[in-house]
Amino acid sequence: MNLPCGGASTVILPPPRTLTEAASFTRAHHYPDSHVPPLVVIRPSLPQSHHAPVAMSPPPKHFPFKFPAPSPLFLRRTPPTSGEKKKKDFGLTPAAATVMDGEDCLIDVHKLRSDFLRVLRSRRTAAVPLAVEQAKPVKHPLFQDEKPPTFSEAMESCPKADIPNLKEKLKEENLHLITEAGEQGRLPVLILSLKGGKERKPAVVFLHSTHKNKEWLRPLLEAYASRGYVAIAIDSRYHGERAHNKTTYRDALVESWKKGDTMPFIFDTVWDLIKLADYLTQREDIDCTRIGITGESLGGMHAWFGAFADNRYSVVVPIIGVQGFRWAIDNDKWQARVVSIRAVFEEARMDLSKKAIDNEVVEKVWNRIAPGLASRFDAPYTVPAMSPRPLLILNGAEDPRCPISGIQSPMLRALAVYEEANAADKFKVIAEAGIGHQMTKSMVKEASDWFDKYLKQ
């Protein structure tokens, strides 16, 4: 039987129960070149009503994890025993077996996070005390797309509580947080919650995709607010209220390559997310132990790195955002990601006297505008570091920007860490068959269920 591609009669394939079964499962179902990593839950693209619950089973109790030096990662609470160091054949795909080659390494997650924070601080403007300013609603939010979107079926499908006249019962707050000196240090924030009630509520932070803004996320904010959450959205750096025109983000990326004094791709917004957590944990209406974070595409990357940098984000759901930047360079699979922000790579190509964008150009750009993104802070290291917090990764099985093959190593490593922490049930990867770089209704529903499960206990 081949991999399902959708349709009401499609059978949902169960996940493998062990790593050995995962490999035979991959081969038996003819996944292209055996590139679909073991233990990814593959789901057909179907309406929500057709989806049956599917859970990922934990690996064998003492799975010996090995990976190559340098860039060791802390995957164990205690050093491996001599028996665990013996290499074993679990029948994995060649790519997965590569992950297990080399020597056992221990890593200090606290040092990894400390190193990342040091990089964030290295390009900050003058430090200022966190301050809050009241703001007005944005009447005409700026989109930097060539054709601004007008409707999202996926976001509109988010589960809502049945509350008559919901919009009249919502409390809206518009704020600016001052996260550092300078124009981009003003962080626009939109917060929706139900009026009334003095109890502390769970909160979820939502992060938009490239060229959009916080107002675009309003359907999700309203849906979550109706279900008792404090729902928060921000404008990422050089987006929304932080943009002047339709090329602001593109121009910031190019300037970062030229001057190396800012990090507009992912990292600067992560700084804002740390400051946002400072603010949210001080609010009297939010339970500071129950703050989730999610986002789509660029927002998914922001959610991933924001949660890695700050464990006050206690439940994490990156949507079509997690990827292997180093893997993409090594396997010549960077093209789709590069196209999404092509201007900075073209600028680098010309500066490097290249006839075309190639692997060297891509690597130099990442090293310049987001130091460590394709090395020590890449997915194989930062994704496992989120253990044991609940982490749900949602991707399309055919996504060229976030190839499933590129997160095989991060997924296997993370699974080992979660299992070691007796928290294997808190880690799940769902790849939706037949879906590329797109957030679907089923992804929105899965994210909603995940937050309800872990933020409303």
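The search of the whole structure turns up 17 aromatic pairs, and here are two of them for you to look at:

| Pair | Centre to centre | Angle between planes | Geometry |
|---|---|---|---|
| Phe265 and Trp366 | 5.0 Å | 25° | stacked |
| Trp304 and Phe305 | 4.4 Å | 25° | stacked |

Phe265 sits in the loop between helix 6 (248–259) and helix 7, while Trp366 belongs to helix 12 (residues 359–369), so their pairing ties together parts that are 101 residues apart in sequence. Both Phe265 and Trp366 are buried. Trp304 is buried too, at a relative accessible area of 0%, and Phe305 likewise has 0% relative accessibility.

Now for the nonpolar packing. The largest nonpolar core has 86 residues, of which Phe265, Ile266, Phe267, Leu276, Phe305, Phe345 and Trp366 touch the most other members. Helix 7 (residues 267–280) is the top contributor to this core, giving nine residues. Beyond its neighbours within four places in sequence, Phe305 contacts Phe116, Ile266, Phe267, Val270, Leu373, Phe377 and Thr382. Another core, of 36 residues, lies apart from the largest one and includes Leu221, Ile430, Met439 and Leu455.

Elsewhere, Arg227 is placed over the face of Tyr224, 4.6 Å from the ring centre.

A word on confidence: the protein chain has an average pLDDT of 82, and 77% of the residues score at least 70. Where pLDDT is low, the predicted coordinates should not be read in detail.

Terms used:
Residues are numbered from 1 along each chain as its sequence is written. This is a predicted model: local features need pLDDT of at least 70, side-chain atom pairs count only at pLDDT 80 or more; totals for chains, interfaces and linings use all residues. Side-chain values use heavy atoms; hydrogens and water are left out. pLDDT is the predictor's confidence in each residue, from 0 to 100. A nonpolar core is a set of buried Ala, Val, Leu, Ile, Met, Phe, Trp, Tyr and Cys residues joined through side-chain atoms within 4.5 Å. Buried means under 20% relative accessible area, exposed over 50%, partly exposed in between (1.4 Å probe, protein chains only). Helices (H or I, at least four residues) and strands (E, at least two) are DSSP runs, numbered from the N terminus. Contact means heavy atoms within 4.5 Å. Rings of Phe, Tyr and Trp (its six-membered ring) pair if their centres lie within 6.5 Å; planes under 30 degrees apart count as stacked, over 60 as edge-to-face and the rest as tilted. A charge sits over a ring if NZ of Lys or CZ of Arg is within 6 Å of the ring centre and within 35 degrees of the ring normal.
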